[in-house]
Amino acid sequence: MMVPNEMDVVLATLPLRVGTYVPDDLLEDWFAPDTGMNPVSDQCLKAAKAYGRKFECEFKYYTDRQEGVFWKFVPAM
């Protein structure tokens, strides 16, 4: 399974300081299929981070919540 095109639209139009939350099973399916999910693979996390950067988004994985978050950072003023 690949990242759905709708996710590209979401991240491209994401307002500053608003997050998009993705459960870890989808992260693995989208970014590193067949690498295992418990814990989420480093390959998956690196690919998700690189994907987010394409849309000027930060990415962080939260182990305790079992989800990743993409968000647009606030530029320094």
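Axes here are lines fitted to C-alpha atoms, for helices over the stretch in contact, and angles run from 0 to 180 degrees between N-to-C directions. Helices (H or I, at least four residues) and strands (E, at least two) are DSSP runs, numbered from the N terminus. This is a predicted model, in which local features need pLDDT of at least 70 and side-chain atom pairs count only at pLDDT 80 or more, while totals for chains, interfaces and linings use all residues. Residues are numbered from 1 along each chain as its sequence is written, and side-chain values use heavy atoms, with hydrogens and water left out.

The axes of helix H2 (residues 24–31) and H3 come within 9 Å and cross at roughly 80°. That makes H2 roughly perpendicular to H3, as angles of 65 to 115 degrees are classed (under 35 is roughly parallel, over 145 roughly antiparallel, and the rest oblique). On the H2 side, Leu27, Glu28 and Phe31 meet Cys44, Ala47, Ala48 and Tyr51 of H3; contact means heavy atoms within 4.5 Å. The residues of this contact divide into six nonpolar, no polar and one charged. In that count Ala, Val, Leu, Ile, Met, Phe, Trp, Tyr, Cys and Pro are nonpolar, Asp, Glu, Lys and Arg are charged, and the others, Gly among them, are polar.

The sheet comes next. Three strands form an open sheet in the order E1-E3-E2, with antiparallel pairing; two strands pair if DSSP finds at least two bridges between them. Strand E1 (19–23) and strand E2 (57–62) are the edge strands, each pairing on one side only. Neighbouring strands of the sheet are turned by 20° against each other on average, direction ignored. Helix H3 (residues 42–54) packs on this sheet and touches E2 and E3, and its direction makes about 155° with that of E2.

Five bridges pair E1 with strand E3 (residues 67–72) in the antiparallel sense. Across this pairing, Thr20 has Phe70 in E3 as its bridge partner, and Val22 stands opposite Gly68 in E3.

How enclosed is E3? Five of its six residues are buried, so E3 is largely enclosed by the rest of the structure. Buried means under 20% relative accessible area, exposed over 50%, and partly exposed in between (1.4 Å probe, protein chains only). Glu67 lies in strand E3 and is buried, because its relative accessible area is 18%. Beyond its neighbours within four places in sequence, Glu67 is in contact with Tyr21, Val22, Pro23, Asp24, Leu27, Lys60, Tyr61 and Tyr62. The side chains of Glu67 and Arg65 are joined by a polar contact of 2.9 Å; such a contact is a pair of N or O atoms within 3.5 Å, where within protein one must be able to donate a hydrogen and the other to accept it, and residues adjacent in sequence count only if both atoms are side-chain atoms.

Gln43, found in helix H3, is partly exposed, with a relative accessible area of 49%. Not counting residues up to four places away in sequence, Gln43 touches Ala32 and Thr35.
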